[in-house]
Amino acid sequence: STDEEDDWIVYGMKVSITPQTASSKILLLCNFRVTALDPAEGSNNSGWEAYIAKNNTAAAGASSNGSNLYYARKRIRAEDTSADDLDVMSTESIIAIEATGSTDAVSYDLVIRADTGNDSVTCFPKETNSRFYAIEIA
């Protein structure tokens, strides 16, 4: 999946869980491989922004309509602005705990967009090192 600049895109990494008790907490562990590309000549920064969306109903590849729960951002800045481009490839993680206060089923999605100055961001949800878990804890 590729994001062109400003859109917050659902990337196909979804987990769902139904808490056994209203007092339970949900441990969210999201590990994902992402590439940020900025092919502009003279560019000196590249990066991405991501968050975990709660109860999103939009399909993978569409703009998210879920609530923003946990936010992460990565920007790489290079000192050499004469380079043809600046590409960032990495495996990243978002770890969070949420108290749902309910026994209703809940779902979580990874949502990503390109950081300022980028042309695109690609997430690889089917890669071996891309995983998303929701674990009920006391």
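## Around Ser 24

In this predicted model, a polar contact of 2.5 Å joins the side chain of Ser 24 to the side chain of Glu 136. Ser 24 has another such partner: its side chain and that of Thr 21 are joined by a polar contact of 2.7 Å. To find Ser 24 in the structure, look at the loop between strand 2 and strand 3 (25-38).

Is Ser 24 buried or exposed? With a relative accessible area of 6%, Ser 24 is buried, because buried means under 20%. If we leave aside the neighbours within four places in sequence, the residues in contact with Ser 24 are Pro 19, Glu 98, Ala 99, Thr 100, Glu 136 and Ile 137. Keep Glu 98 in mind, as we will meet this residue again below.

## Two salt bridges

Side chains of opposite charge can pair when their charged atoms come close. How many salt bridges does the structure hold? There are two.

One of them brings together the side chains of Lys 14 and Asp 109, at 2.7 Å from N to O. Lys 14 belongs to strand 2 and Asp 109 to strand 7, so this pair ties together parts that lie 95 residues apart in sequence.

## Strands 2 and 7 side by side

Now follow strand 2 (residues 9-17) along its partner. Strand 2 pairs with strand 7 in the antiparallel sense, over six bridges. Which residue of strand 7 stands opposite Ile 9? You will find Ile 112 there.

Strand 7 covers residues 106-114 and is mostly covered itself, as eight of its nine residues are buried.

Most residues other than glycine have a negative phi. Asn 55 is not a glycine, yet its phi is positive, at about 55 degrees.

Where is Asn 55? This residue lies in the loop between strand 4 (45-54) and strand 5 (67-77). Asn 55 is partly exposed, with a relative accessible area of 40%.

How values were computed. Residues are numbered from 1 along each chain as its sequence is written. This is a predicted model: local features need pLDDT of at least 70, side-chain atom pairs count only at pLDDT 80 or more; totals for chains, interfaces and linings use all residues. Side-chain values use heavy atoms; hydrogens and water are left out. Buried means under 20% relative accessible area, exposed over 50%, partly exposed in between (1.4 Å probe, protein chains only). Helices (H or I, at least four residues) and strands (E, at least two) are DSSP runs, numbered from the N terminus. Two strands pair if DSSP finds at least two bridges between them. A salt bridge is a side-chain nitrogen of Lys or Arg within 4 Å of a carboxyl oxygen of Asp or Glu. A polar contact is a pair of N or O atoms within 3.5 Å; within protein, one must be able to donate a hydrogen and the other to accept it, and residues adjacent in sequence count only if both atoms are side-chain atoms. Contact means heavy atoms within 4.5 Å.
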